Amino acid sequence: MENSIKYKIIVLSGKGGVGKSTVATNLAVGLALNGLDVGLMDIDIHGPNIPKMLGIEGSRVQGRDGRIIPVSYGESLKVMSIGFLIPEEDDPVIWRGPLKMNLIRQFVEQTDWGNLDYLVIDSPPGTGDEPLSAVQSFKGLNGAIVVTTPQDVSLLDSKKAINFARALNIPILGIIENMSGFICPHCGEVTEIFKSGGGERISLEMNVPFLGKIPIEPQIVTSSDEGKPYVYFYNRLKSASIFEDIVNRVRATLEEI
């Protein structure tokens, strides 16, 4: 059975540690909460954090008729990650490039997603072999989202991620500035630990849409560690409402709704 996927989105970052997997997870869950059928593919071979963030790290994929059956999360989300194939979650993946490329191609070509409205691809950081292999394996990616933090070093690398997408003819849906100010859980005051506004400045400079600024809230860290996506379990957070707006903007761009 061939997969039928309407929209394929890849989430990129120029460097690690900017919260790309958190964004990819909550984007996929946010789309599923809109009643859509969604797939989430984790191709970060060395740091597959998606299973942990969804609380399904003990799950294992199944095979059927030569196809890989992804793990279900609720009724509307399917998940694929190398984390489901590692015997112990703290086992390192010590592979050279060709093995990693073959695994990504296998994920792309043999995963039985069925019919999906959206497939969200969580790419490893940077612009190297893994994201390149994913882009080349998929035919017709519909868009890329670039995640950055406000620091200058992250903003510089986010430009590289934007140019990477452009070089491969992937439409850029926008840039998200993550960790944009810390919200005190007691008084609500915002402290700009890593500065703020850099993502919006880069979006203007690079002529790409700016999707929003997601602040640091303690519950976001808690939700990731507990395997509870904050857009669902902590939907009263300011971050969750901002992310809901991001989901709506992404849908409006792709579906013209």
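For the first stop, a cavity is a set of points on a 1 Å grid over the protein atoms alone where a 1.4 Å probe fits but cannot get out, and lining residues have an atom within 4 Å of a point. Points are joined across faces, edges and corners, and a volume is the space filled by probe spheres set on them. The whole structure has one cavity of 30 Å³ or more, and the largest cavity holds about 40 Å³. This is a predicted model, where local features need pLDDT of at least 70, side-chain atom pairs count only at pLDDT 80 or more, and totals for chains, interfaces and linings use all residues. Residues are numbered from 1 along each chain as its sequence is written, and side-chain values use heavy atoms, with hydrogens and water left out.

Select Thr22, Thr25, Asn26, Met53, Ser223, Ser224, Lys228, Pro229 and Tyr230: that's the lining. Helix 1 (20-33) and helix 7 (218-226) each give two or more of those residues (helices are DSSP runs of H or I, at least four residues, and strands runs of E, at least two, numbered from the N terminus).

Strand 9 pairs (at least two DSSP bridges) in the parallel sense with strand 8 (143-148) over five bridges. Zoom in on Ala144, opposite Ile172. Strand 11 (210-216) is also a parallel partner, over five bridges.

Finish on Phe182, whose bridge partners are Ile216 in strand 11 and Thr191 in strand 10.

Key:
1 Å grid on protein atoms, 1.4 Å probe; cavity = no way out; pocket = protein on both sides within 12 Å on 5 of 7 lines; lining within 4 Å.
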